[in-house]
Amino acid sequence: MTLMETPQLLRVGVVGLGWAGETHVKAFLALPNVEVVAAADPRAERLNEVCKTYNIPHSYTDYKELIARDDIDIVSVATPNHLHMPVTVAALESGKHVLCEKPLARSVAEGEAMVKAAIDNRRVLKVAFNHRQRGDVQVLKNYIDQGGLGRVYHAKATWMRRAGIPGMGGWFTTREMAGGGPLIDVGVHVLDMAMFLLNEPEVVAVSAATYAELGPRGRGSRGDRTADGIYEVEDLATAFIRLADGVTLLLEASWAVYGRHNDDFGVSLYGTEGGAEINVQNYVWQDTLRIFTDTGGVPSEIRPQVYRGEGHNAVVREFIGVIRSGDWSNHVGREGLRRAQIIEACYLSAQQGREVALVDVAGHV
Ligand SMILES: NC(=O)c1ccc[n+]([C@@H]2O[C@H](COP(=O)([O-])OP(=O)(O)OC[C@H]3O[C@@H](n4cnc5c(N)ncnc54)[C@H](O)[C@@H]3O)[C@@H](O)[C@H]2O)c1
């Protein structure tokens with residue numbers, strides 16, 4: 001399909017109807033000339049409920065039937081992580097554009113297959129990194145782009161939960177289905193925020209460690225989720241990441257740790273002209289950004305009045321904008337693949353107890 005052939009009305013099918021899938025449905029429906037015409041989920045009751053709520057006419061318990069429809073332009077993938085690759089590749093191969101939930105994939109090999117499918121079939125592949133659309137992140141990005149921090153030489157990105165394991169024994173804590181624990185789940189969000197704010201620097205090497213101290217002993221489960229069942233992934237990951245030009249990034253992600261956090265995430269940036277900190281506690285959006293500088297020769301702190309930001313709505317709007325622009329070749333999921341490379345390098349480093357160079361996990365697409 002070329003630009004000329006891109007239909008005015010874009011028709012969407014959503015695969016996977018948990019929190020993420022329903023959020024995609026709402027974001028697509030908020031846009032003009034976009035219809036959600038089909039949804040797929042093996043949980044028939046949930047499928048019916050979502051289709052009824054949002055007037056989605058076609059429902060499938062097998063996603064392959066949704067992808068086989070030739071009147072769909074876009075497939076949104078919001079399944080557990082192990083299905084991101086097969087659903088995305090099948091959708092791209094049948095000529096659909098794809099919005100895939102984070103993380104792009106469990107591994108570099110899977111991510112590469114997805115990027116390659118987007119290139120080969122000349123379609124858009126976008127990963128839903130909604131947290132970079134927060135108001136505080138966008139305001140800070142503008143400030144950095146205007147030179148406000150000077151040259152940023154060190155950064156920290158953390159997402160720490162006190163007791164936030166998303167259910168024991170479900171797909172999140174099953175290695176084969178999730179691909180990892182908090183690092184690949186919430187760590188990827190703050191990694192993306194930091195990489196976005198740092199302007200996508202090249203990554204040279206990582207040195208990481210992972211721990212599984214509380215989860216395997218049945219501790220740290222989120223209150224609303226099941227607390228018994230197997231726990232196969234890390235519950236804390238920490239990484240030291242070397243970026244180009246001597247810049248460094250500390251990354252830390254935990255679902256459960258004895259500390260004062262409840263559910264806190266953010267980034268800190270240290271530059272030659274100023275510093276900045278985004279500290280989000282329990283998902284609040286107000287009063288999260290601090291900028292540190294010198295005023296009249298003394299240290300000072302600025303508290304910008306940030307706006308909330310639009311999360312998935314902005315992600316979906318950008319995605320639709322790219323499709324309508326017809327300029328697809330630069331939108332094939334590479335950012336998601338770069339995050340997958342860093343995360344795979346971290347897991348490899350933790351497993352082998354040594355620094356891992358990114359070239360050792362870098363892909364070929
Ligand atoms: N961007 C964000 O902020 C954000 C937040 C939550 C989750 N996510 C991501 O979204 C994805 C889903 O997470 P969730 O929290 O919604 O999980 P969930 O477990 O609540 O929902 C997943 C849904 O996928 C369905 N599913 C399972 N197998 C399927 C199949 N073969 N075909 C179609 N559907 C299938 C399940 O029945 C379930 O309804 C994950 O990749 C997760 O990392 C992203």
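Predicted model: local features only at pLDDT ≥ 70, side-chain atom pairs only at ≥ 80, totals over all residues.

Reader: Okay, and where is Asn33 found?

Author: Asn33 sits in the loop between helix H1 (19–29) and strand E2 (34–40). Its phi is near 60 degrees, a positive value in a residue other than glycine.

Reader: Got it. What about Arg122, what's its phi?

Author: Phi of Arg122 is near 50 degrees, again positive in a residue that isn't glycine. You'll find Arg122 in the loop between H5 and strand E6 (125–128).

Reader: Is Arg122 buried or exposed?

Author: Arg122 has a relative accessible area of 65%, so it counts as exposed. The cut-off for exposed is over 50%.

Reader: Switching topic: how many residues of strand E5 are buried?

Author: Five of the five residues in E5 (residues 97–101) are buried, so the strand is largely enclosed by the rest of the structure. His97, Leu99 and Glu101 are buried on one side, and Val98 and Cys100 are buried on the other.

Reader: Which strand is joined to E5, and how many bridges are there?

Author: That's E4 (residues 74–77), joined to E5 by four bridges, and the two run parallel. In that pairing, Val75 stands opposite Val98 of E5.

Reader: And what comes in the loop between E5 and helix H5?

Author: Pro103 lies in that loop, between E5 and helix H5 (108–120). The peptide bond joining Lys102 and Pro103 is cis, with omega about -15 degrees.

Reader: Last one, helices! At what angle do H8 and H10 cross?

Author: The axes of H8 (residues 182–197) and H10 (residues 334–352) cross at roughly 125 degrees and come within 10 Å. That angle is why H8 counts as oblique to H10. Their crossing is right-handed.

Reader: Which residues make the contact?

Author: From H8 there are Leu183, Ile184, Val188, Leu191, Asp192 and Met195, and from H10 there are Arg339, Ile342, Ile343, Cys346 and Tyr347.

Conventions
Residues numbered from 1 in each chain as written. Heavy atoms only, no water. Axes fitted to C-alpha atoms, helices over the stretch in contact; angles between N-to-C directions. Parallel < 35°, antiparallel > 145°, perpendicular 65-115°, else oblique. Left-handed = near helix turned anticlockwise from the far one by under 90°. Contact = heavy atoms within 4.5 Å. Buried < 20%, exposed > 50% of the residue type's maximum accessible area, 1.4 Å probe, protein only. Pairing = 2+ DSSP bridges.
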